[in-house]
Amino acid sequence: MLSAGRAALAGLARAGEGAPGPGSGLGLAPGRACGARLLLPPGGAAQPDPQGWREAVAAAVGALQAGGLVAVPTDTVYGVACLAQDSGAVRSVYSLKGRNGGKPLAICLGDVDSLYRYCHVNVPDELLRDLLPGPVTLVLKRSEELNKDLNPFTSLVGVRIPNHPFIRELARACSGPLALTSANISCQASTLTVSEFQDLWPQLSLIIDGGPIGDVQSPECRLGSTVVDLSVSGKFTVIRPGCALTSTVEILRQKYGLIPESS
């Protein structure tokens, strides 16, 4: 396990340029999985270790830019991220998950403002900001900006802006959207600690360990985000109930008057 030591972090960040950092002990090559685990400094970018936090973000960016897959904490469960515009990395996610190629990947962004570049939005901006950031995936019509190899079988895309400071900073630090999926083999339980997906480590370039997410004994904490299709004007469809169904539906129906449809 790696500490958040300066040399190791610098080495990880430089891995994106194909140069292992002195003292990192990693010898990372571009895109090569190594399962390096990095403890995330507590407290976010504000404190108590802003430099360590920024370097953790830089390490993850370096791994992603090298075409790697990075495990990250979110506001629901642990996820695996890659650059959505990198077709090779997207294929690696499907291989990692043992996933049917017909199952779409969501994109992850740092802020609501970025959403308009990658989606055609037909709901009020205030609605987006009422739900995001948060444990909700909004399905919208995709724009031409998105990689055509990402979910080529559908004109829609799910968008996540998790309410978690690390992944939001990571998304902001990347030039394009992240592709995000849960850190588990398809059809297996979602994971709340990095040890629960240890079998995947060898295929990951970096594991960001943010500690346990929620109550690891609670099945409700493994439900993942609530997925709602908003691509049809004036209507919504619940695709997956997830962990925030009641509050999400209340906002959509009572505040915005959207009509539910059967999925």
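This is a predicted model: local features need pLDDT of at least 70, side-chain atom pairs count only at pLDDT 80 or more; totals for chains, interfaces and linings use all residues.

Colleague: By class, what's in the lining of the largest pocket?
Modeller: The lining has 13 nonpolar, 15 polar and 6 charged residues. Ala, Val, Leu, Ile, Met, Phe, Trp, Tyr, Cys and Pro count as nonpolar, Asp, Glu, Lys and Arg as charged, and the others, Gly among them, as polar. A pocket here is an open set of points on a 1 Å grid over the protein atoms alone, where a 1.4 Å probe fits, with protein on both sides within 12 Å along at least five of seven lines; lining residues have an atom within 4 Å of a point.

Colleague: Which residues lie nearest its centre?
Modeller: Arg99, Pro104, Ala106, Val227 and Arg240, out of 34 lining residues. Strands E6, E7, E8 and E11 each give two or more residues to that lining, and E7 has the largest share, with 4. Strands (E, at least two residues) and helices (H or I, at least four) are DSSP runs, numbered from the N terminus.

Colleague: New topic: at what angle do H2 and H6 pack?
Modeller: About 55°, with their axes 10 Å apart. Axes are lines fitted to C-alpha atoms over the stretch in contact, and angles run from 0 to 180 degrees between N-to-C directions.

Colleague: And which residues make the contact?
Modeller: Among them are Trp53 and Leu64 of H2 and Phe166 and Glu169 of H6; contact means heavy atoms within 4.5 Å.

Colleague: Where's the cis peptide bond?
Modeller: From Leu132 to Pro133, with omega near 0°. Pro133 lies in the loop between H5 and E6.

Conventions
Residues are numbered from 1 along each chain as its sequence is written. Side-chain values use heavy atoms; hydrogens and water are left out.
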